[in-house]
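Please keep the sequence and the coordinates at hand while reading.

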Amino acid sequence: SEIKKIIAVPLFASLVVLTDGFVHVLNVFTLEKNCIINGSGMQQFGKINRTYNTNMVLINTLENIVTNMCIQQPIESFRICIVVNKNVLQFYEILGTTNNRNNNATACYSQLLLPINFQQEKKPTALIWAEKKLFMGNNFEYIALEIKNNLVQSLFALDGFTRPTFLMLPQEREILLVSGIVGIFVTYAGITTRGSLSWTNSPVELSYTFP
């Protein structure tokens, strides 16, 4: 199995792993699977959760494959957004505790159609959920999507070949977008702020630490 993405959520003692078209929520201490999510809007729950049907098996049809995912920041509630092969975004909330006990996933509580420029082979390969907006990037452009009213805000165009890369800066409440060899800072509202960064080559990955 190929692991496409891992996100650590220390506040909820969890790891969120995207692999084989499914999202797995794991207990960070035991690595036990607390739930598995796919694009059907249903979940399979871990063995400890006797309230649920633990014999249920999720079948991943082509349209229900998860291609990307992210966690809402800043983390107040444990919410996950997934990009599904059938050109939709789905939103889940994980109910749990801050210790090493199991977390339980709710059913899909919201679903949005992907913007037309991000459907089919143009699905977002970069994804950040900052407060009430989703920032998405593919090889052609960056956009910000207002989740509540599904309004799309165009940010920057790309050349169709450059892999989109961006980074959340939570202390500054900004996002650094990479456009070729230039880095551009925008607020969580999608507004350009300070001056840009420049590199000799387009960065492959970015990381951030504070202080």
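Predicted model: local features only at pLDDT ≥ 70, side-chain atom pairs only at ≥ 80, totals over all residues.

Is Thr19 buried or exposed? Thr19 counts as buried because its relative accessibility is 9%, where buried means under 20% relative accessible area, exposed over 50%, and partly exposed in between, with a 1.4 Å probe and protein chains only. Thr19 belongs to strand 2 (residues 14-19). Strands here are DSSP runs of E with at least two residues, helices are runs of H or I with at least four residues, and both are numbered from the N terminus. Leaving aside neighbours within four places in sequence, Thr19 is in contact (heavy atoms within 4.5 Å) with Ser1, Glu2, Ile3 and His24.

Residues are numbered from 1 along each chain as its sequence is written, and side-chain values use heavy atoms, with hydrogens and water left out.

The chain as a whole has zero helices and 18 strands. Of its 211 residues, 47% are buried. Among contacts between residues at least 6 apart in sequence, 40% join residues at least 24 apart.

Several backbone features deserve attention. Most residues other than glycine have a negative phi, and most peptide bonds are trans. Ala13, although not a glycine, has a positive phi of about 50 degrees; Ala13 is found in the loop between strand 1 and strand 2 and is buried, with a relative accessible area of 5%. Leu31 also is not a glycine and has a positive phi, of about 60 degrees. The place of Leu31 is the loop between strand 3 (22-27) and strand 4 (33-37), and Leu31 is exposed because its relative accessible area is 52%. The peptide bond from Gln73 to Pro74 is cis, with omega near -10 degrees, and Pro74 is found in the loop between strand 6 and strand 7 (78-84).

Which strands form the open sheet of four strands? The order is 15-16-17-18, with antiparallel pairing, two strands being paired if DSSP finds at least two bridges between them. Strand 15 and strand 18 (197-198) stand at the edges with a single partner strand each, so one side of each is left without a neighbour in the sheet. Strand 15 is joined to strand 16 by five bridges, and Leu167 stands opposite Leu176 in strand 16. These two strands form a hairpin with four residues between them, and Arg173 in the turn has a positive phi of about 55 degrees. Strand 16 (residues 174-179) has five of its six residues buried. Its pairing with strand 17 (residues 182-187) is antiparallel over six bridges: Val186 in strand 17 is the bridge partner of Ile175, and Ile184 is that of Leu177. The hairpin of strand 16 and strand 17 has two residues between the strands, with Gly180 in the turn at a positive phi of about 70 degrees.

Arg163 lies in the loop between strand 14 (151-157) and strand 15 (165-169). Arg163 counts as partly exposed because its relative accessibility is 43%. Not counting residues up to four places away in sequence, Arg163 touches Asn139, Val204 and Glu205. A polar atom of the Arg163 side chain lies 2.3 Å from the backbone oxygen of Val204, and a polar contact of 3.5 Å joins the side chains of Arg163 and Glu205. A polar contact is a pair of N or O atoms within 3.5 Å; within protein, one must be able to donate a hydrogen and the other to accept it, and residues adjacent in sequence count only if both atoms are side-chain atoms.

The last topic is the pockets. The largest pocket is lined by 29 residues, of which Lys5, Leu127, Ile128, Phe166 and Leu167 lie nearest its centre. The elements giving two or more residues to this lining are strand 1 (3-9), strand 6 (66-73), strand 11 (126-130) and strand 15. A pocket is defined on a 1 Å grid over the protein atoms alone, as an open set of points where a 1.4 Å probe fits, with protein on both sides within 12 Å along at least five of seven lines; lining residues have an atom within 4 Å of a point.
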